[in-house]
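Colleague: I'd like to learn how to read charges and patches in a model like this one. Can we walk through it together?

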Amino acid sequence: MNGRREGRQTEHLNRYMEEKVERKAKRRRKRLLIFGLLVSVVLFLFLFGVNTRLTDLTIVGNTCYTEDELISMIFKNDRDFNTFYTLYRNQFGEPEDIPFVEKYRIKVTGLHSAQITVYEKSVAGCIEYMGSYMYFDREGVIVESSRELFEKIPLVTGIQFQHIVIYEKLEVEEEGVFVEILSLSQLLDQYGLFAEQMAFDKKQHVTLTMGALQVVLGDDKYLAEKIAELSDMYPELAGRSGTVYLDEYRPDVKKPSYPFVPNGEGVP
């Protein structure tokens, strides 16, 4: 009797131990399965993040630089093209310091696309000083210094200044010269014209250099009208070498005639 009871107890105990071992094995397999899934998900996300790159970049607001130039200055390393790194850099990184650019904003518009909005510094012109070009805004504040002369910014000569300090206003004898420079730039741009150089004499009379063409404007009276006349004449003057005189402009002359003197023939 006792032997059969002990046998049944032993059998139940063995069955219990087997079930316990099996439950542990199932839990272990389940944990391993979950761990494997987590590792797979993490690995997938890592590889997905590493290989997700910006390939379609749109730039808005740039005039001083081409799109390729800006992209090379903003995305200096291969890592910078990673979409998720760009999102991180927007939140916690420092923007690149780009001459003539006040700031820029990168908006990720998709996994592989982004729009870069550029806010350029307001530059009216530049002067040459000790081998460098000092760029100033409409108020006459020096905003940049560079060894390079940018094509779309006029070089201003003939203005007298005391000293130059970066990010400070240029001290000149005639404060109104900056207003005149800005007005000239805006008027020329309005007519699709550009002057590489604006030369002022001691009386603040200005002469423009447009390629091989010199345009004598004289004082700041009737600037808008003078530039309008220049725009009408320019198709015939473009590419020619010489000087056109608009300094004697008078609004009451109905059919004005402005002398053009080819180089080497002297002043009329």
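Modeller: Let's start with Asp-137, which sits in the loop between strand S5 (132-136) and strand S6 (142-146). Helices (H or I, at least four residues) and strands (E, at least two) are DSSP runs, numbered from the N terminus. This is a predicted model, where local features need pLDDT of at least 70, side-chain atom pairs count only at pLDDT 80 or more, and totals for chains, interfaces and linings use all residues. Residues are numbered from 1 along each chain as its sequence is written, and side-chain values use heavy atoms, with hydrogens and water left out.

Colleague: Is Asp-137 buried or exposed?

Modeller: Buried means under 20% relative accessible area, exposed over 50%, partly exposed in between (1.4 Å probe, protein chains only). Asp-137 is buried yet has no salt bridge. A salt bridge needs a side-chain nitrogen of Lys or Arg within 4 Å of a carboxyl oxygen of Asp or Glu. For Asp-137, the nearest side chain of opposite charge is Arg-138, 7.0 Å away.

Colleague: Which backbone nitrogen does the side chain of Asp-137 reach?

Modeller: That of Glu-139, at 2.9 Å, and the Asp-137 side chain also reaches the backbone nitrogen of Val-141 at 2.9 Å.

Colleague: And how do I read a surface patch?

Modeller: Patches take residues with over 30% relative accessible area and no salt bridge, joining like charges within 9 Å and nonpolar side chains (Val, Leu, Ile, Met, Phe, Trp, Tyr) within 5 Å. Here Phe-84, Leu-87 and Leu-111 make a nonpolar one of about 250 Å². Leu-87, in helix H3 (residues 83-92), is partly exposed at 39% relative accessible area.

How values were computed
Accessible areas come from the Shrake-Rupley method with a 1.4 Å probe; for residues, only the protein chains shown count as cover. Lys and Arg count as positive and Asp and Glu as negative; His and the chain ends are not counted. A polar contact is a pair of N or O atoms within 3.5 Å; within protein, one must be able to donate a hydrogen and the other to accept it, and residues adjacent in sequence count only if both atoms are side-chain atoms.
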